[in-house]
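Please keep the model in view while going through the numbered points.

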Amino acid sequence: MKYRKVFFLITFAWLSAFAIHAQMQPATAEQQKMMLEKIMAASGKMESLICDFEQTKDLSVLSEQMVSKGKMYYRKNGKLRWEYLSPYSYTFILNDKKILLQTETGKNVIDIKSNRFFQETVKIMISGVDGSGLTDFKSFTNSYYWSEKKWEIILKPVKKEMQQMFSSIKLTFDVDDFTVDCVTMEERNGDKTTIRLTDKKMNGTIEDRQFNID
């Protein structure tokens, strides 16, 4: 279960951006269509992405926030590296049909083909990268909100297994480049995780070694 929760957090982390602004308004049907077209067009042009991230965890049983930082690498066609650098070391790599989960004490390699749970989750992950996740109504219902500076899309899980973990996933997009800046995941138990992406560099070269699993 621990690996599953980490996997879900990473699945949506690269999408990142959530901030509620007073000027946020529900989008009309016409605005929703325009937002989706621009987001998917931007996603279609993205061959790769490198960025820093900061993750803030609000636990219902603790008064203090847990903050961690790291780096993310994404390359089109199913390659993702999500690496925590502080205050601990933890690396997640998705490379085609395999997943690597590595800590300071060991690693675990998962063959997606042999695990139905991970098959479904990876499908959601990749559909999110290319923009089609926003129209995946079998997995989520969604609501659109907009302002002049930010767009917000709230995803609510439809499938039972996802509903048991998350009540909502909130994404905020920068209207300058139509990419996500931050994601907030509200969990059923009251916990909340917010991940902000900064210093984004799109369509640069990423060495193959960043996605090595074996």
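The points below go from the whole chain to single residues.

1. The model under review is predicted. Its chain contains four helices and 12 strands. Of the 214 residues in the chain, 48% are buried. The accessible surface amounts to about 11200 Å², and carbon and sulfur atoms account for 50% of that surface.

2. Among the contacts with a separation of 6 or more, 52% are between residues 24 or more positions apart.

3. Lys-150 belongs to strand β9, which covers residues 150–157. Its side chain also makes a polar contact of 2.7 Å with the side chain of Asp-181.

4. Helix α2 spans residues 29–45, 17 residues in total. From its first C-alpha to its last, α2 reaches 25 Å, which is close to the 24 Å expected at 1.5 Å a residue.

5. Which residues of α2 are buried? They are Gln-31, Met-35, Leu-36, Ile-39, Ala-42 and Ser-43. These residues lie on the same side of α2, because they cover an arc of only 135° around the axis. The face turned away from this buried side carries Ala-29, Glu-30, Lys-33 and Lys-45, which are exposed.

6. Ser-48 is in strand β2, residues 48–58. Is Ser-48 buried or exposed? With a relative accessibility of 4%, Ser-48 counts as buried, because the cut-off for that class is under 20%. The side chain of Ser-48 reaches the backbone oxygen of Gly-204 at 2.7 Å. Apart from neighbours within four places in sequence, the residues in contact with Ser-48 include Tyr-74, Arg-75, Lys-201 and Met-202. Asn-203, Gly-204 and Ile-206 are also in contact with Ser-48.

7. The aromatic residues form a further topic. The structure holds five aromatic pairs. One of them joins Tyr-84 and Tyr-90 in an edge-to-face arrangement, with 6.2 Å from centre to centre and 75° between the planes. Both partners are buried: Tyr-84 has a relative accessible area of 4%, and Tyr-90 has one of 8%. Ring pairs also link Phe-53, Trp-82, Tyr-84, Tyr-88 and Tyr-90 into a cluster.

8. As background, most residues other than glycine have a negative phi, and most peptide bonds are trans. The peptide bond that joins Ser-86 and Pro-87 is cis, with an omega of about 5°. Pro-87 is located in the loop between β4 (79–86) and β5 (90–95).

9. Which phi value does Asp-96 have? Its phi is positive, at about 60°, although Asp-96 is not a glycine. Asp-96 sits in the loop between β5 and β6, the latter covering residues 98–103. At 48% relative accessibility, Asp-96 counts as partly exposed.

10. Phe-178 likewise has a positive phi of about 60° and is not a glycine.

Definitions and conventions. Residues are numbered from 1 along each chain as its sequence is written. This is a predicted model: local features need pLDDT of at least 70, side-chain atom pairs count only at pLDDT 80 or more; totals for chains, interfaces and linings use all residues. Side-chain values use heavy atoms; hydrogens and water are left out. Helices (H or I, at least four residues) and strands (E, at least two) are DSSP runs, numbered from the N terminus. Buried means under 20% relative accessible area, exposed over 50%, partly exposed in between (1.4 Å probe, protein chains only). Contact means heavy atoms within 4.5 Å. Accessible areas come from the Shrake-Rupley method with a 1.4 Å probe; for residues, only the protein chains shown count as cover. The expected span of a helix is 1.5 Å times one less than its number of residues. The arc is that of the directions from the helix axis to the C-beta atoms. A polar contact is a pair of N or O atoms within 3.5 Å; within protein, one must be able to donate a hydrogen and the other to accept it, and residues adjacent in sequence count only if both atoms are side-chain atoms. Rings of Phe, Tyr and Trp (its six-membered ring) pair if their centres lie within 6.5 Å; planes under 30 degrees apart count as stacked, over 60 as edge-to-face and the rest as tilted.
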